[in-house]
Amino acid sequence: MTRPEFVAPRTEGQGFVTSVEGAQTKPRDAVAWVRVLAKYREPSTRRSVLELAATLVPFVTLWVLAWVSLSVSVWLSLAIAVANGFFLVRLFCIQHDCGHASFFHDRRVQDWVGRCMGVLTLTPYDVWRRTHSLHHAQHGNLDMRGIGDITTLTVEEYRARGRLGRLAYRLYRNPVVLFVLGPAYLFFVQNRLPVGLMTAGVRYWVSAMGTNAVIGIALGLMVWAGGFMPLLLIYIPTSVVAGTLGVWLFYVQHQFEETHWAKGEDWQLHDAALAGSSHYVLPQPLQWLSANIGIHHVHHLYSRVPFYRLPEILRDHKELDEAQRLTPWESLKSVGLHLWDEKREKLMSFREAKRLYGAA
């Protein structure tokens, strides 16, 4: 994956002029881009309603079809439930935009839309919004890791651990843990408490417990109406598939070889946002189902832009379209990257770290 250099947009009359030359992004360039992206921040109420309906209606329809199919074939029902996981991911992305105040003009409306989506996505909205804002504010800062991110050690930190500590980190970074067991634990267990905000205020407990209560009522009604089969063959598979896809997307958005990490004194917010986030280039159907979340470098640089306006930015600014591109094949390779090398400023595998620095 190549990372072209951005030349800071300069004012000429009323507009901005940009050019591409070809190396690494500089902090001042990223800051200048914020001024360019500001004009895309306004959401369209009509478009937002249409995007919500275009996601929620198919999601509910597939739920009904999966339920009806239980009387025909449990495998058919399971297949429909798995497919519906993609629409649940899109609902999470809409909840994500609500959390950034980018989906509707009225903050109260989008907060309640986000809370309702949180019941479907098993994610208490107010808790997630706060931890996710910390992710945006601290991403790429080696001195501020721990909330809203995937744990990433530097080579030196890993080598300084004891044998059990290194084993624990290796297990954590194992694909089965990261993308199968981890998502199930995150959405079914961890999200039931305001983890990270346990002492931050009563509102986060209200968010978590209120979401839990509504989920509990919905599951009780489901079992009452159809027994445990809808729970086991529809609800759980849809949620697990969506959770796995969501964690995968989050992983590839920041875990790639040429990402960006820096110590606090060298860290700069906008540079970390642009250089430390990928542009995940997906086929159009998958890009739609993931609500353009793959255009993550632009989103991190200006999170108030609605997801449906992100392609507009790439059309208007080709240099952003070419930046941080990560193909699906390249994203598969990123699974083998585990440690941040501060000297070479790149993510590397355990094997490469051992080859360069010897056994710990």
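The largest cavity is lined by His135, His139, Asp149, Ile150, Phe250, Tyr251, His254, Gln255 and Trp261. The model is a predicted one. About 70 Å³ of space lies in this largest cavity, and helix H10 (residues 229-254) gives the most to its lining, with three residues. By class, the lining of the largest cavity has four nonpolar, four polar and one charged residues.

How many cavities of 30 Å³ or more does the structure hold? There are three. The second largest cavity has about 50 Å³ of space. Its lining is made up of Cys93, His96, Asp97, Ala291, Ile293, His299, Val305, Pro306, Phe307 and Leu310. Seven of these lining residues are nonpolar, two are polar and one is charged. Helix H3 (residues 74-99) provides the largest share of the lining of the second largest cavity, three residues.

The table sets the spaces side by side.

| Space | Volume |
|---|---|
| Largest cavity | About 70 Å³ |
| Second largest cavity | About 50 Å³ |
| Largest pocket | About 1,200 Å³ |
| Second largest pocket | About 300 Å³ |

The largest pocket is lined by 44 residues, and Gly148, Leu186, Gln190, Val247 and Phe250 lie nearest its centre. Phe250 is also one of the residues lining the largest cavity. Which helix supplies the largest share of the lining of the largest pocket? H10 does, with eight residues. At least two residues each come from H3, H4, helix H5 (125-138), helix H8 (175-188) and H10. The lining of the largest pocket divides into 25 nonpolar, 18 polar and one charged residues.

The second largest pocket has a lining of 15 residues, with Phe59, Trp63, Leu120, Met222 and Tyr235 nearest its centre. H2, H4, H9 and H10 are the elements that give two or more residues to this lining. H2 gives the most, with five residues. The lining of the second largest pocket has 13 nonpolar, two polar and no charged residues.

Helix H2 (residues 45-69) has 25 residues and reaches 36 Å from its first C-alpha to its last, close to the 36 Å expected at 1.5 Å a residue. Its buried residues are Ser48, Glu51, Leu52, Thr55, Phe59, Leu62, Trp63, Ala66 and Ser69. Among the elements that cover the buried residues of H2 are H3, helix H4 (107-121), helix H9 (202-226), H10 and helix H12 (284-289).

An unreviewed UniProt entry annotates residues 49-68, 74-93, 171-190, 202-225 and 232-251 as "transmembrane region". Residues 74-93 are 100% helix and 0% strand, with end C-alpha atoms 29 Å apart. Residues 171-190 are 80% helix and 0% strand, and their end C-alpha atoms lie 19 Å apart.

Note on methods
Residues are numbered from 1 along each chain as its sequence is written. This is a predicted model: local features need pLDDT of at least 70, side-chain atom pairs count only at pLDDT 80 or more; totals for chains, interfaces and linings use all residues. Side-chain values use heavy atoms; hydrogens and water are left out. UniProt positions are given in the numbering used here, feature names are shortened, and annotations may be inferred rather than shown by experiment. Helices (H or I, at least four residues) and strands (E, at least two) are DSSP runs, numbered from the N terminus. On a 1 Å grid over the protein atoms alone, a cavity is a set of points where a 1.4 Å probe fits but cannot get out, and a pocket is an open set with protein on both sides within 12 Å along at least five of seven lines; lining residues have an atom within 4 Å of a point. Grid points are joined across faces, edges and corners, and a volume is the space filled by probe spheres set on the points. Ala, Val, Leu, Ile, Met, Phe, Trp, Tyr, Cys and Pro count as nonpolar, Asp, Glu, Lys and Arg as charged, and the others, Gly among them, as polar. The expected span of a helix is 1.5 Å times one less than its number of residues. Buried means under 20% relative accessible area, exposed over 50%, partly exposed in between (1.4 Å probe, protein chains only). Contact means heavy atoms within 4.5 Å.
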